Amino acid sequence: MKALTKTDFHFPGQQKVYHGKVRDVYTIERAGKIYFGLETVPRTYNKILVMVTTDRISAFDVILPKGIPYKGHILNTIAARFLDATADICPNWKVVRPDHMVTIGICCESFPIEMIVRGYLCGSAWRSYKNGAREICGVKLPDGMRENQKFPQPIITPTTKAEQGLHDEDISKEEILARGLVSPDDYAILEKYSMALFQRGSEIAAQKGLILADTKYEFGKAGGIIYLIDEIHTPDSSRYFYADGYEEKFAKGEPQRQLSKEFVREWLMENGFQGKEGQKIPEMTDEVVNNITNRYIELYEHLLGEKFQKCEDDDLLARIEKNANDFLDL
């Protein structure tokens, strides 16, 4: 199966397109009414988004040279399932998933921050802590913590949303409010939603024998309402540990068995790449690409509890365009 790494659609009413690291987002302007989430009363809208989750893969804010077959299918499906499973907690942008790799929903003005919720000391937080940091995004951390140790309570460590090619930067709640990036009232809602979403995600993961170690959420606003946007609880936005063996590995100081994109970052670091200027991306052999695909399939099957069905289409672009237009033409 060939990976889909580029799209160039021209949908009816299309105003613009944004090509992100993984997703291509088409803004469509049209008038109409649609049912949002669990609401029973249709609401008028003017702009919608057609979000195509491609098979591109990024790490250290760099798009890697080869795509990963089925990755877009997997990410889009997991995100859609979790958006549906959390729609009672907060409104979200999803209206319909007309294709394995497409979600169509409400166009929101996004907040310029990402809400990172951490239940365990791992990843970049651990790397900072190991290097002596005892405060992350204004959250003070005690001495003596170990890698992959559970926090007494989940913490929120926000980041800025950098332009493509630049790195997101840690930022504290106090700085967010001082700079006027988010109003105090809106930030209180973002905190409330983020903690509730993380709790729900943790509960669902536990039912599948997994631990949701950390994740990120993005929010936007439309018509004065705050919506959860983009993806949620996918392996690109989240880190999962296997619950079985966690305590034993933690006691021995061994790496946790995990399902996330972290293994891609680790492979890059082992081969001398961390996204720094002048560093060369290591060769992505067929074996490397197949291994990454298999890891994504493993997470899909473990997290959703069902066998992943590969869709062997000869022309992904034609299929996506038809399925999206079938909805847009309604």
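Two strands are said to pair if DSSP finds at least two bridges between them. The helices (H or I, at least four residues) and strands (E, at least two) are themselves DSSP runs, numbered from the N terminus. What you see is a predicted model, in which local features need pLDDT of at least 70 and side-chain atom pairs count only at pLDDT 80 or more, while totals for chains, interfaces and linings use all residues. Residues are numbered from 1 along each chain as its sequence is written, and side-chain values use heavy atoms, with hydrogens and water left out.

I start with strand 9, residues 113-120. Which residue of strand 13 stands opposite Ile113? It is Thr160. Strand 13 covers residues 159-160, and strand 9 pairs with it in the antiparallel sense over 2 bridges.

Next, the charged pairs. Side chains of opposite charge can pair when their charged atoms come close. I count a salt bridge when a side-chain nitrogen of Lys or Arg is within 4 Å of a carboxyl oxygen of Asp or Glu. How many salt bridges does a search of the whole structure find? The number is 26.

One of them is between Asp286 and Lys66, with the closest N and O atoms 4.0 Å apart. This pair links distant parts of the chain, 220 residues apart: Asp286 is in helix 7 (residues 286-304), and Lys66 is in the loop between strand 5 (62-63) and helix 1 (71-85). Asp286 is exposed at 57% relative accessible area, and Lys66 is partly exposed at 36%.

Asp186 and Lys221 form another salt bridge, and their closest N and O atoms are 2.9 Å apart. Asp186 sits in helix 4 (residues 184-207) and Lys221 in strand 14, 35 residues apart. With 12% relative accessible area Asp186 is buried, whereas Lys221, with 30%, is partly exposed.

A further salt bridge joins the side chains of Glu298 and Arg257, at 3.6 Å from N to O. Glu298 belongs to helix 7, and Arg257 to the loop between helix 5 (246-252) and strand 17 (258-260), 41 residues apart. Both partners are partly exposed: Glu298 at 27% and Arg257 at 49%. There is also a network, in which salt bridges that share partners join Glu114, Lys161, Lys216 and Glu218.

Last, Arg319. Arg319 is in helix 8, residues 316-328. Its relative accessible area is 14%, so Arg319 counts as buried. What does Arg319 contact, leaving aside neighbours within four places in sequence? With contact meaning heavy atoms within 4.5 Å, the partners are Asp99, His100, Met101, Cys311 and Asp313.

Note on methods: Buried means under 20% relative accessible area, exposed over 50%, partly exposed in between (1.4 Å probe, protein chains only).
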